[in-house]
Amino acid sequence: MVFEQPRRRRNALPLVIAVIVGLVAIVGVYTVLKKGKSTGGGSGQSAVHRPGCTPLRLAASAEKAALLGQIASGYNGSTRSYGGGKCADVTVVSVASGTAMLALASGWDAQRDGGPAPQVWSPASSAWVALLRQQAVVNDKAIALPDGKPPSIVQTPLVLAMPKPMAQALGWPDKPIGWTDVLSLTRNPQGWGAVGHPEWGRFRLGKTNPHISTAGLSATIGAYFAATGRSSDLTEADLANPKVLDFVKGVESGVVHYGDTTLTFLANQLEADARGQGLSYVGAVTVEEKSLFDYNTGNPSGDPKTAGKGRKPQVPLVAVYPKEGTLLSDSPYVELGGMTDEQKAGAEDFLAYLHEPAQQKRFTDAGFRTFEGRPGAAVTAANGMLPDAKYTVINPPPAPVTAKALSTWDTQRKRARALLVLDVSGSMAELTAGGPSKLDLAKRAAKQAIDMFAADDQVGLWTFSTEQTAGGTPYTARVPIGPVAQVGGQLRSTIDGLHAEGGTALYASTRAAAQAMLADSDPSRINAVVVLTDGQNEYPRDNDLTRLLRDLDASHLENSVRVFTIAYGDEADLDTLKKIASASRAAAYDARDPTTITKVLTNVISNF
């Protein structure tokens, strides 16, 4: 996707463009976050500034941005100075690592990328820095980066986070567990029955999209290494080896769905746990060790403002350090080119401040390890981690190999079977502030979304309102599900012809779409419904939300259908859409600003 530009979605140029033009502005509203919790979109930094100090903007990855922002506020509010009385005023902004890499590679644009260009960048992993160098070569664009490996702020290893009873069934904590065990369980038709627990069903894996998420990138690279049997020297030739490809394709076949952030999986797991179904959602989620700590302490978002306020899970997750080796999220501190001497001095002083014991303790208390890799008091067996675990650290391969791994993953990842369900009620004809109607913007975004799927993904289209069809239903099947290579043209032309009338038959249409998908589900694919609506249910014949949520709860079924919801426009019933997505173990997204719909749909499609 990022480095090559073939025709279709998973290597796709349209997705790259969509990410570059504003994925940083997306707000994912995940289904079990309580009112008032952060969704990871802000830095968590309070307004503490010293007049006369040199402004310094730092773009940081989401898992540490809120805490880093609080630390920066303390720095700004202190009397600290350097170089004969000079001082710096640090502002931290949260930007996903992959999104920031693309923005920097294309030349940071304040309007497009959510504010002024940063002087310092701290992605979750140094792998993104290597990819930025590679992308600069691809774009033939000079990007000033420091020589050598940048210093680290903190560290946290990638782990397979497993519900404790499941990990124990595999021999945790005494027996080494890794990617080969994931593959074996995924391919065994008995699933968990192979280790004496048929009641747990098939093995399911939660894994994020490696083009956006560091956990997804690290997991993808780790699986490729595991397939070779080595923990170093991954080559492009390895990525063409049929045995390696078969191994990774097998691992990917167990994925429930993808996504842009691990919070989707952790939030859904916590919701399942609250219902007493902590062993029904996934068998493992690929996350950083720090995120596992957040989950077990009842704060899956990792926001320090809500730390200690959430409900701890009944069934904790435990950290499996893959026996084949794992990658570190080392939070590099990258000073970008174009800084003034004053900014450079300020950046160096802030890094020195971050390395001081008091600040490092704040990080380790939040579940990180120090910049030297030492665990703190939070990394304990009681919190699901093994502070004395001996694990092999895999260094990211050279950037060209990482780029090849990403494009190869595009062909190996699990394919989708998705039904787009679009609201065409009368309110969709309302004009937006920019001029076009909400329906016109949604139609444009939906057509672009079609281009984000691969040719062999299967996609269909329904629409709904309260206007009755000939069959007496408030929903209409417009394009039957089929391979995008075959139905793509029909999807685009049908979308072009849509018009708005009637009310919003949300419940009946969502239920019917989910049941239709469930009746013909394909366990080899990600089966999902994407519901976009700008209102609330206005269909008296079906106004029972409790029944709808019960019908959507497929936790007891082997083949379930995920219902991803999009709240579109300021009249959308976001709270209800959260509940709908939560019931099906999916995620809800916020596009109440209609102009963001293209970016939000891009993020939704990253689940597939």
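The following dialogue goes through a predicted model of one chain, feature by feature.

Me: What kind of model is this, and how are its residues numbered?

Reply: This is a predicted model, in which local features need pLDDT of at least 70 and side-chain atom pairs count only at pLDDT 80 or more, while totals for chains, interfaces and linings use all residues. Residues are numbered from 1 along each chain as its sequence is written, and side-chain values use heavy atoms, with hydrogens and water left out.

Me: How many helices and strands does the chain have?

Reply: Helices (H or I, at least four residues) and strands (E, at least two) are DSSP runs, numbered from the N terminus. In this chain they come to 19 helices and 16 strands.

Me: How should I read the radius of gyration of the chain?

Reply: The radius is taken over C-alpha atoms, and the globule rule is 2.2 Å times the number of residues to the power 0.38. For 608 residues a compact globule would have a radius near 25 Å, and the chain agrees with that, having 24 Å; along its principal axes, the C-alpha trace spans about 80 × 60 × 50 Å.

Me: What share of the residues counts as buried, and what share of the contacts joins residues at least 24 apart?

Reply: Buried means under 20% relative accessible area, exposed over 50%, and partly exposed in between (1.4 Å probe, protein chains only); of the 608 residues, 62% count as buried. Contact means heavy atoms within 4.5 Å, and among contacts between residues at least 6 apart in sequence, 78% join residues at least 24 apart.

Me: Which cysteines form the disulfide, and where are they?

Reply: A disulfide is a covalent bond between the sulfur atoms of two cysteines, and here a pair of such atoms within 2.5 Å is counted as one. The structure holds one disulfide, formed by Cys53 and Cys87 with their sulfur atoms 1.9 Å apart. The pair links distant parts of the chain, 34 residues apart, with Cys53 in the loop between strand E1 (28-29) and strand E2 (54-60) and Cys87 in the loop between helix H2 (62-76) and strand E3 (88-94). Both Cys53 and Cys87 are buried, and the torsion about their S-S bond is about -95 degrees, so the disulfide is left-handed.

Me: Is Leu292 buried or exposed, and which residues is Leu292 in contact with?

Reply: Leu292, in helix H10 (residues 289-296), is buried, with a relative accessible area of 0%. Leaving aside neighbours within four places in sequence, Leu292 is in contact with several residues, including Val159, Leu317, Asn383 and Met385. Ala130, in helix H4 (residues 126-139), counts as partly exposed at 24% relative accessibility.

Me: Where is there a cis peptide bond?

Reply: A cis peptide bond joins Trp172 and Pro173, with omega about 5 degrees, and Pro173 is placed in the loop between helix H5 (164-169) and helix H6 (179-187).

Me: What is phi in Asp233 and in Arg585, and where are these residues?

Reply: Asp233 has a phi near 60 degrees, a positive value in a residue other than glycine, and Asp233 is found in the loop between helix H7 (214-228) and helix H8 (242-252), where Asp233 counts as exposed at 60% relative accessibility. Arg585 also has a positive phi, about 60 degrees, although Arg585 is not a glycine; Arg585 is in the loop between helix H18 (574-583) and strand E16 (588-591), and Arg585 is buried, with a relative accessible area of 4%.
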